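Hello,

Please find the structure below. My notes on it follow.

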Amino acid sequence: MKTIKITADNLLSVIDINLNDYREVQKALDCDFFESVKTEKMFRYFGEPMMIFVDESGLIKGLPVNAVGSVLYGTPEHGYPICGDIIFAVPVREYTEAPDDVEKMKAKMLKDFDFLMEVQHGKF
């Protein structure tokens with residue numbers, strides 16, 4: 001499945017990952033434990049159910065704030081940031097899927113978050 005990963009240093013990449021294999025998600029986020037986060041703000045922004053996988057202990061570990069994740073989480077309203085890298089997924093019952101149109105999603109985010117840099121094949 002192809003989806004989007006955004007690092008805390010504002011690098012966006014399309015990754016190929018099995019979102020239903022927790023070991024692959026752990027490896028992609030470089031963490032032992034991760035959690036899924038979904039908000040009404042994400043739903044409104046993307047126009048469909050959307051969630052992000054995040055390092056469960058990112059704040060405690062002192063990982064840098066993820067600007068995009070924090071905006072979509074609502075940090076400006078409540079003050080609690082998302083720290084570390086994020087991976088996008090679509091919730092479908094007890095499973096997760098990749099977004100339908102990753103290229104359209106990528107283009108929207110690169111336009112709306114002008115500080116993001118796209119990584120292609122290890123280069124940006």
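**The S5–S6 hairpin and its sheet**

Strands S5 and S6 form a hairpin with two residues between them, and Arg93 in the turn has a positive phi of about 55°. Here strands are DSSP E runs of at least two residues and helices are H or I runs of at least four, both numbered from the N terminus, and two strands pair if DSSP finds at least two bridges between them. This is a predicted model, in which local features need pLDDT of at least 70 and side-chain atom pairs count only at pLDDT 80 or more, while totals for chains, interfaces and linings use all residues. Residues are numbered from 1 along each chain as its sequence is written, and side-chain values use heavy atoms, with hydrogens and water left out.

Three antiparallel bridges join S5 to S6; Pro91 has Thr96 in S6 as its bridge partner. S5 also pairs with S4, antiparallel, over four bridges, and in that strand pair Met51 stands opposite Ala89 of S5. Strand S1 (residues 2–6) is joined to S5 by two bridges, again antiparallel, with Lys5 partnered by Ile87 in S5. Five of the seven residues of S5 (residues 86–92) are buried, where buried means under 20% relative accessible area, exposed over 50% and partly exposed in between (1.4 Å probe, protein chains only).

**Loop residues**

Arg93, in the loop between S5 and S6, is exposed, with a relative accessible area of 77%. Asn10, in the loop between S1 and strand S2 (11–16), is another residue other than glycine with a positive phi, near 65°. Most residues other than glycine have a negative phi.

Pro99 sits in the loop between strand S6 (95–97) and helix H6 (102–112). Is Pro99 buried or exposed? At 6% relative accessibility, Pro99 counts as buried. Leaving out residues up to four places away in sequence, Pro99 touches Lys2, Thr3, Met50, Phe88, Val90 and Met105, a contact being heavy atoms within 4.5 Å. Its C-alpha is 12 Å from that of Asp16, although Pro99 and Asp16 are 83 residues apart in sequence.

**Largest pocket**

The largest pocket has a volume of about 200 Å³. A pocket is an open set of points on a 1 Å grid over the protein atoms alone where a 1.4 Å probe fits, with protein on both sides within 12 Å along at least five of seven lines; lining residues have an atom within 4 Å of a point. Grid points are joined across faces, edges and corners, and the volume is the space filled by probe spheres set on the points.

Strand S3 (34–37), strand S4 (51–55) and helix H3 (58–61) each supply at least two lining residues. Among the lining residues are Glu35, Val37, Val54, Asp55, Gly58 and Leu59, as well as Tyr80, Pro81, Ile82 and Cys83. By class the lining has eight nonpolar, one polar and three charged residues; Ala, Val, Leu, Ile, Met, Phe, Trp, Tyr, Cys and Pro count as nonpolar, Asp, Glu, Lys and Arg as charged, and the others, Gly among them, as polar.

**Whole chain**

The protein has six helices and seven strands. Its radius of gyration is 13 Å, close to the 14 Å that the globule rule gives for 124 residues, so the protein is as compact as a globular protein of that length; the radius is taken over C-alpha atoms, and the rule is 2.2 Å times the number of residues to the power 0.38. The C-alpha trace spans about 30 × 30 × 30 Å along its principal axes. Buried residues make up 44% of the 124.

Regards
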